[in-house]
Amino acid sequence: MKHWQLFVLSGIVLLSAALFALHQYMTILPPPQSGLARTANSAFKYDLCTEAYAFAHATPDNPFKTDYTFRDPFRAASDTIIPHLLDYNIQTHTVNFNVDIIISHVATFHASIALVHEHDGISILLPDKQNKLQSSTIPQFIVTSFGLGRIAILDYTCPNQWVWGPNKR
């Protein structure tokens, strides 16, 4: 083989490898994420499916579970959300929550949300199959009442009402 043919062949191989590497780099999905969003004054606007009691700093043996499992809108699986009531702020009349978001076949996320008022809704942000955050048109649960800062009553909205789309919050 002549030197110039070997040179051209080497160039083609290198160009092909570079294009393959660029393609692989561009098709890598970002890591999945999740999150929470607050919707003010959401009570009494939606059909409700179930109620739960969240006790401040509840221990794992708490008989009142806040777990709520629903069909994942993007995968053939079930997901679970578990709100944990933290502290009541007497000055602002708000509470803080940690929420465990268990997305089957993806990951478990631990998110926090603060300054939640009575009648506020909490929406869970879920990754779709391309790991882009999606939100529902209505919150997954409503904080309907505080009980002297030691308890919050949570009303879960019905999953058949949730319409998921790109997160616009």
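Visitor: Which residue of β4 is the bridge partner of Thr 69?

Guide: In β4 that partner is Thr 80. Strands, like helices, are DSSP runs numbered from the N terminus (a strand is E over at least two residues, a helix H or I over at least four), and two strands count as paired if DSSP finds at least two bridges between them. Here β3 and strand β4, which covers residues 78-89, are joined by four bridges and run antiparallel.

Visitor: How far can I trust such details, and what kind of model is this?

Guide: This is a predicted model, in which local features need pLDDT of at least 70 and side-chain atom pairs count only at pLDDT 80 or more, while totals for chains, interfaces and linings use all residues. Residues are numbered from 1 along each chain as its sequence is written, and side-chain values use heavy atoms, with hydrogens and water left out. The average pLDDT of the chain (the predictor's confidence in each residue, from 0 to 100) is 85, and 83% of the residues score at least 70. Among the elements, helix α1, at residues 3-27, has the lowest mean, 64, whereas strand β3, at residues 68-71, has the highest, 95.

Visitor: How many helices and strands does the chain have, and in what pattern do they follow one another?

Guide: The chain holds one helix and 11 strands, and along the sequence the pattern reads α-β-β-β-β-β-β-β-β-β-β-β.

Visitor: Which strands form the open sheet, and in what order?

Guide: Four strands make up this open sheet, in the order β3-β4-β5-β6, with antiparallel pairing. Because β3 and β6 (107-116) stand at the edges, each with a single partner strand, one side of each is left without a neighbour in the sheet. Neighbouring strands in this sheet are turned against each other by 25 degrees on average, direction ignored (axes are lines fitted to C-alpha atoms, and angles between N-to-C directions run from 0 to 180 degrees).

Visitor: How many bridges join β5 to β6?

Guide: Eight bridges join strand β5, residues 94-103, to β6, and the two run antiparallel. One place to look is Asp 100, whose bridge partner in β6 is His 110. The hairpin of β5 and β6 has three residues between the strands, and in this hairpin His 105 takes a positive phi near 65 degrees.

Visitor: What share of the residues count as buried?

Guide: Of the 169 residues of the chain, 38% count as buried, a term that stands for under 20% relative accessible area with a 1.4 Å probe and protein chains only.

Terms used
Buried < 20%, exposed > 50% of the residue type's maximum accessible area, 1.4 Å probe, protein only.
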